[in-house]
Amino acid sequence: MFRLGIQIPHIIAGDNLDLPVVGKILKSSGAVWIRREWGGDELYKTILEEYMIALLSNGFNLECFVEGTRSRLGKLLQPKLGVVKIILDALVDNRVTNCHIVPISIGYDKIIETSSYATELLGTPKQKESVWQILTSSRLLQLKWGRVDGNSLSFLLLSPSKQTQMDLKDLNQKSILLKSLGYR
């Protein structure tokens with residue numbers, strides 16, 4: 001992205017990656033840590049919404065993983081629509097004037113975590129991410145894991161007109177658009 005002159009995005013990431021040392025480096029590079037579950041914490045949700053809207057309003061790019069995690073099987077997971085809903089609500093409420101949505105899929109021929117995932121399916125608890133795990137697994141990244149495919153599925157510019165905004169005030173139409181964005 002830097003080589004092409006594209007602004008590096010702020011990455012919306014789960015707070016499980018906010019590890020000592022690594023988390024500080026990632027945060028200074030634009031990572032935005034969010035909880036995996038927001039529950040009924042309205043204050044947290046409101047602050048997160050306002051922060052994301054401020055970033056978008058000031059022309060910053062956001063990157064999020066709509067599935068909420070990486071797929072450890074190589075197949076698509078059910079989307080989690082919280083971040084997409086924040087963006088869509090900001091557009092409908094005219095708090096953000098437009099938004100480019102570029103769904104991208106990145107897939108590998110081989111999955112790195114197949115063996116650890118198999119043991120988890122047999123009942124072993126998932127190992128929590130740690131600095132040590134990152135340091136010891138760096139050798140895995142040097143192995144050949146097959147071809148990497150990156151596909152931009154589509155490009156969508158959302159810039160709601162008055163009619164679109166009125167239509168999207170209808171919760172049913174807004175829900176349909178939200179789901180179609182999540183499954184794109």
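Visitor: Which residues line the second largest pocket?
Guide: A word on the model before we look: residues are numbered from 1 along each chain as its sequence is written, and side-chain values use heavy atoms, with hydrogens and water left out. The model is predicted, so local features need pLDDT of at least 70 and side-chain atom pairs count only at pLDDT 80 or more, while totals for chains, interfaces and linings use all residues. On a 1 Å grid over the protein atoms alone, a pocket is an open set of points where a 1.4 Å probe fits, with protein on both sides within 12 Å along at least five of seven lines, and lining residues have an atom within 4 Å of a point. Around the second largest pocket, these are His10, Lys27, Gly30, Ala31, Val32, Trp33, Tyr44, Ile47, Leu48 and Tyr51.

Visitor: Which element gives the largest share of that lining?
Guide: Elements are DSSP runs numbered from the N terminus: helices (H or I, at least four residues) and strands (E, at least two). Strand 2 and helix 2 are the elements that give two or more residues to the lining of the second largest pocket. The largest share, four residues, comes from helix 2.

Visitor: Is Met52 buried or exposed?
Guide: Met52 sits in helix 2. Buried means under 20% relative accessible area, exposed over 50%, and partly exposed in between (1.4 Å probe, protein chains only). Because its relative accessibility is 0%, Met52 counts as buried.

Visitor: Which residues is Met52 in contact with, leaving aside neighbours within four places in sequence?
Guide: Contact means heavy atoms within 4.5 Å. By that rule, Met52 is in contact with Leu62, Val83, Ile86 and Ile87.

Visitor: Which residues does Ile87 touch, not counting those up to four places away in sequence?
Guide: Ile87 is one of the buried residues of helix 3. Not counting residues up to four places away in sequence, Ile87 touches Met52, Leu56, Leu62 and Cys99.

Visitor: Why is helix 3 described as largely enclosed by the rest of the structure?
Guide: Val83, Val84, Ile86, Leu88 and Asp89 are among the buried residues of helix 3. The helix is largely enclosed because the buried residues number nine of its eleven.

Visitor: What distance separates the C-alpha atoms of Val92 and Lys174?
Guide: Val92 is found in helix 3, and it counts as buried because its relative accessible area is 4%. Val92 and Lys174 are 82 residues apart along the chain, yet their C-alpha atoms are separated by 9.0 Å.

Visitor: Where is Glu67, and which residues does it touch?
Guide: Glu67 lies in the loop between strand 3 (62–63) and helix 3. It counts as buried because its relative accessibility is 19%. Not counting residues up to four places away in sequence, Glu67 touches Leu76, Leu77, Gln78, Pro79 and Lys80.

Visitor: What is the phi of Asn94?
Guide: Most residues other than glycine have a negative phi. Asn94 is found in the loop between helix 3 and strand 4 (99–101), and it is partly exposed, with a relative accessible area of 45%. Its phi is positive, near 60°.

Visitor: What pattern does the protein follow along the sequence?
Guide: There are seven helices and seven strands in the protein. Read along the sequence, they follow the pattern β-α-β-α-β-α-β-β-α-α-β-β-α-α.
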